[in-house]
Amino acid sequence: NMAYMSRLGLWGSGTPFRDFSDFHGILGREGLAGMEMINMDMKALGLYSARSLSWHETKFETMVLPLTPAHRQIYDAASDYFLWLGRKLVYLANLEGRKPRVGMLRGLSL
C-alpha cells in the first residue's frame, strides 16, 4: 500500500533500495518488524505521524556493561565488518552512478 508514496524518498536514487519492488521485497521478508522499523524511521524524519509510535513519556537509561576480552574481540570484528561493508556499498553506489548516503547501511538493519 505504499507504492504511490515515492516522494517520501524511501526507495530510488540515493537510498538503499533501487526501486519500490526492492523495498517491498525486503520489507515483505521482515514482516511486522520491518514495517515498525520503517515507521519509526519515517516518524524521526518527520515524514509520518502516528499516535501509536509516540516517544511521549518514554524513558531511557544508560548502562555501562563491562566487556570481557572475548566480547571486545567479537565487537571489534563486527565493527570492522560494518566498516568494510560500508566502504563496499559506497564503492558500488559510485559504480552505479548513485550518490552515497549516510543512511546506506540503514537497510541492513531491516
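Predicted model: local features only at pLDDT ≥ 70, side-chain atom pairs only at ≥ 80, totals over all residues.

Colleague: Where does L45 sit in the chain?

Modeller: L45 is in the loop between α1 (20–44) and α2 (69–95).

Colleague: And is L45 buried or exposed?

Modeller: L45 counts as exposed because its relative accessible area is 52%, and the cut-off for exposed is over 50%.

Colleague: OK, switching to the rings. How many aromatic pairs are there in the whole structure?

Modeller: A search of the whole structure turns up six aromatic pairs. One of them is W11 with F20, an edge-to-face pair with 5.0 Å centre to centre and 65° between the planes.

Colleague: How covered up are those two, buried or exposed or partly exposed?

Modeller: W11 is buried, with a relative accessible area of 10%. F20 is partly exposed, at 21%.

Colleague: What about W11 and F23, how are their rings arranged?

Modeller: The ring centres of W11 and F23 are 5.0 Å apart and the planes are at 45°, so that pair is tilted. It links distant parts of the chain: W11 is in the segment before α1 and F23 is in helix α1, 12 residues apart.

Colleague: Is F23 buried or exposed?

Modeller: F23 is buried, since its relative accessibility is 2% and buried means under 20%.

Colleague: Last one: which residues do the ring pairs link into a cluster?

Modeller: Ring pairs join W11, F17, F20 and F23 into a cluster.

Key
Residues numbered from 1 in each chain as written. Heavy atoms only, no water. Helix = DSSP H or I, 4+ residues; strand = E, 2+ residues; numbered from the N terminus. Buried < 20%, exposed > 50% of the residue type's maximum accessible area, 1.4 Å probe, protein only. Phe/Tyr/Trp six-rings, centres within 6.5 Å; stacked < 30°, edge-to-face > 60°.
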